[in-house]
Each structure stands twice: as C-alpha cells, then as structure tokens.
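Please open the model in your viewer, display the side chains, and follow this tour of its aromatic rings from one selection to the next.

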Amino acid sequence: MTAVMEMAPPTITDTAPILSVSDLTTVFSLQTGRAVSVNGVSFDVAPGEILAIVGESGSGKTVTGLSLMGLVDPPGRVEKGSVRLRGRELVGLQEDEMRALRGREVAMIFQDPMTTLNPVLTIGRQFYEVMRAHKRLTWKEAMARAEKALVEVGMPAPAARLATYPHELSGGMRQRVCIALSLVNAPSLVIADEPTTALDVTIQAQILALMHRLVRKTGVALIWITHDLSVAAGFCDRIAVMYAGRIVEEGPVDAVLNHPAHPYTVGLLRSIPGEVPPGGKLEQIGGMPPSPLALPEGCAFRPRCFRADKTCLSDPPVTPIGKGRQVRCFHPMGAA
C-alpha cells in the first residue's frame, strides 16, 4: 500500500537554481566492460523546490544522487559533466573539499536508517559529530541544537532520545533522526534516496508531510529519488523520469503524470495496480531494462517501445514540448 499525499500547490518564485547539473556521466570500469550508469543527465533544482527522480530499479537514480555527493567509489567515476552548487563547480574537487561541503551545503538521506546510523554511538553523539565537523561547538550547544532539530521533525521526548542508541528506536523514529541530522547544519540541498520505502504506510505519510513542511519553511532544495509514482504525484513539484541512465522526460508533476509524452512514462503509469479495474489484467512494459554494459543502439528504450521505428536507431535529442517540459523521444505521445 502506498501513501498518497495531497499537498498544497507549490509557491516557488523564479530564482537562480541552487543546483545545476549538466551532461553528468558516471561510468564503472569493470572486468566485463564499461558500464554507463548515468548518461548525460541534466537538470536544475530551485530553492524550496522538490524534484522527483523516478524510474525502474537499475535506471541510475541512486548513482545520480551519489555522483552529486561525490560518493561514487572505484571502479566508478564521474567521467564528464558539470555539477554546480550555488555556482560552485563540484566535479573535480578534492576529497577534503567535498568533505567540507557534505553535511553543510549538501546532505543525503539514505533508504535504510539502521545502516546509516552508527549502532555504537548514541543519537546525541552522532549529532555532535555531524555539527563538530563544520563548526566549533561545545557539547551543551550541540545538544541544544540537536534537541531543537528533533523537535522540528516531530520526535516525541526529543531530549531523552539523545541518550538512546539507534536500535532502541522504531523505524519511523530512526528515519526522523536521519532527517534531523541532514538538516541540522542548514544545507542548501538535500538528496533523499527512497527514505520511506522501508516504512509502513502511516509512518510514510507522516514523513512525507514532515519533509514537505520543512522544505517550504526553510527553502532547502530537495531531490526525492523514488520508484513510487503516487508519492511523486502528491509530494513533488517537478518530476524527472529516468531510463537506462538518462532522463527521458521532465516537467511539472501534474503535466507529466496526467499527459505523459514519453512511451516509457506511459508504460510506468499503465503498470500501476490502482489504475486497473478489479479483475482486470495488469499491463506491463514488455522485456527487461538493458544492461549498462550493453546499451542498445540509439534510443535505449527502443527494444521495449510500442512506437519505435528505424528512426529510433539514432540517439533522440532532448525536445522542449511546453512550458518547463522536455522529452527525449522521436515519437512522443500526442505527436503526429
């Protein structure tokens, strides 16, 4: 079951983007060949905006997030492209320079809070370490800020939680701690990699409402990586649909989900169980996603696409199709 959020329309003003990504390409040099996990990805995120990155498992969503954070380990590497945070280029920075930015300017919330949090340190100690990495604070000052951060995320008895260990908290509480840790240094950008997947539907709805409120209150830019289109529909402002390492469609959430242009987006929406009448046959996208070691010639979705023809043996360009919308397809839906 999925938590479907009904949020107020976004109130984002036109302003310079906090994050600008251009032609980002991340590859893994393996013994079996060169795997292209992120292939020429470009997008912007504005202050106070929530961008959803959606797609099947293996589409490159998580690797995109790790690439932005400079956390791709060998044999992976960012081969080319630009990642500018408030105008500062991140690609090519030394590790000590990136470490100074992580947690202060950009933070990441991972899917499993139990593996994110250190099991042998109290919650208070982990807050202290995160804050001390970027600012000189006394223990008392750090605990005051940590308690305030836990209050912001709706943690019951926040002062008492600082003395507990992660295993003493429920899954929802641990995820609230991770959210508070990501926001305690007031970063400009937060990347959330499916942080509600392991939570039950009630707690998921609470976390989504919490994140929506914090984004609108603080103006932080949020990238929400998910496979759940219903979450993106009710929670996010814009959506980028990824397939085989590329963004194949991007635009405002309502426009993309109500009037999808790329055949892959259409296939994803048709495969949602809730859209099928009781007893009806669930539609699915035929075939399997391609291996990043052997991407098809031209459009990577061509072997599975119901609109493909010989034109699709060439690499499709990114085409604007309306205000704030673009699609990478020779035969978008609605076109002649």
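Five aromatic pairs are present in this predicted model, where rings of Phe, Tyr and Trp (its six-membered ring) pair if their centres lie within 6.5 Å, planes under 30 degrees apart counting as stacked, over 60 as edge-to-face and the rest as tilted. Residues are numbered from 1 along each chain as its sequence is written. Local features need pLDDT of at least 70 and side-chain atom pairs pLDDT 80 or more, while totals for chains, interfaces and linings use all residues, and side-chain values use heavy atoms, without hydrogens and water.

Select Tyr128 and Trp139, whose ring centres are 5.1 Å apart with planes at 55°, so that the pair is tilted. Tyr128 belongs to helix 4 (residues 123-132) and Trp139 to helix 5 (residues 139-152), so this pair ties together parts 11 residues apart in sequence; helices are DSSP runs of H or I with at least four residues, strands runs of E with at least two, both numbered from the N terminus. Tyr128 is buried at 15% relative accessible area, whereas Trp139, at 39%, is partly exposed (buried is under 20%, exposed over 50%, partly exposed in between, with a 1.4 Å probe and protein chains only).

Next, select Trp224 and Phe235, whose centres lie 4.7 Å apart with planes at 70°, so the pair is edge-to-face. Trp224 is in strand 8 (residues 221-226) and Phe235 in helix 9 (residues 229-235), and both residues are buried.

Then select Tyr243, Tyr264 and Phe301, which form one aromatic cluster.
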